[in-house]
Amino acid sequence: MDDMMKIHLLIDNERYPLKIRREDEEIYRDAAKQIDNKLNKYRGMFSDIAPNKYWAMVALELAFEKISLKDKNDTEPYKEKIRELTEELESILKGKIS
């Protein structure tokens, strides 16, 4: 069974054909809606700038969101503490079992 599929996304009144994994379809469609919403937001806020600048503002906002989420989901600082606590628990449990 082929898990790839072709879809067409409408972004800023332009069609974009894509071949994607079937399980990613909803994410791609949501991403296209998010881009359109952000474009419309910036068009409403700044009606006197060049159209390509709206795209740059959307790209900047999405990149900022991605980097912010990556930093919030960074579990690396906790791995060492979890290892230490695991060793401590194992030591305590070994003492009670012996």
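User: How many residues lie between strand 1 and strand 2 in their hairpin?

Analyst: This is a predicted model, in which local features need pLDDT of at least 70 and side-chain atom pairs count only at pLDDT 80 or more, while totals for chains, interfaces and linings use all residues. Residues are numbered from 1 along each chain as its sequence is written, and side-chain values use heavy atoms, with hydrogens and water left out. Strand 1 and strand 2 (residues 14–21) pair in the antiparallel sense over eight bridges; strands are DSSP runs of E with at least two residues, helices are runs of H or I with at least four, both numbered from the N terminus, and two strands pair if DSSP finds at least two bridges between them. The number of residues between the two strands of the hairpin is two.

User: Which residue of strand 2 is the bridge partner of isoleucine 7?

Analyst: The pairing of strand 1 with strand 2 is antiparallel. Within strand 2, the bridge partner of isoleucine 7 is leucine 18.

User: What is the phi of asparagine 13?

Analyst: Most residues other than glycine have a negative phi. Aspartate 12, in the loop between strand 1 and strand 2, has a positive phi of about 55° although it is not a glycine. Asparagine 13 is found in the loop between strand 1 and strand 2, and its phi, again positive in a residue that is not a glycine, is about 60°.

User: Is asparagine 13 buried or exposed?

Analyst: Buried means under 20% relative accessible area, exposed over 50%, and partly exposed in between (1.4 Å probe, protein chains only). Aspartate 12 has a relative accessibility of 21% and therefore counts as partly exposed. Asparagine 13 has a relative accessibility of 70%, so the term that applies is exposed.

User: What kind of aromatic pair do tyrosine 42 and phenylalanine 46 form?

Analyst: Rings of Phe, Tyr and Trp (its six-membered ring) pair if their centres lie within 6.5 Å; planes under 30 degrees apart count as stacked, over 60 as edge-to-face and the rest as tilted. The count by this rule is one aromatic pair. The ring centres of tyrosine 42 and phenylalanine 46 are 6.4 Å apart and the planes are at 15°, so the pair is stacked.

User: Which residue meets glutamate 65 in a salt bridge?

Analyst: A salt bridge is a side-chain nitrogen of Lys or Arg within 4 Å of a carboxyl oxygen of Asp or Glu, and the count by this rule is 10 salt bridges. Glutamate 65 is partly exposed at 29% relative accessibility. The side chain that meets glutamate 65 at 3.0 Å, N to O, is that of lysine 38.

User: How many residues apart are glutamate 65 and lysine 38?

Analyst: The salt bridge of glutamate 65 and lysine 38 has an N to O distance of 3.0 Å. The pair links distant parts of the chain, with glutamate 65 in helix 2 and lysine 38 in helix 1, and their separation in residues is 27.

User: What distance separates the side chains of glutamate 61 and lysine 38 in their polar contact?

Analyst: Glutamate 61 lies in helix 2 (residues 51–72) and is buried, with a relative accessible area of 16%. Lys38, Lys41, Glu61 and Glu65 are linked in a network of salt bridges. A polar contact is a pair of N or O atoms within 3.5 Å; within protein, one must be able to donate a hydrogen and the other to accept it, and residues adjacent in sequence count only if both atoms are side-chain atoms. The polar contact that joins the side chains of glutamate 61 and lysine 38 has a distance of 2.8 Å.
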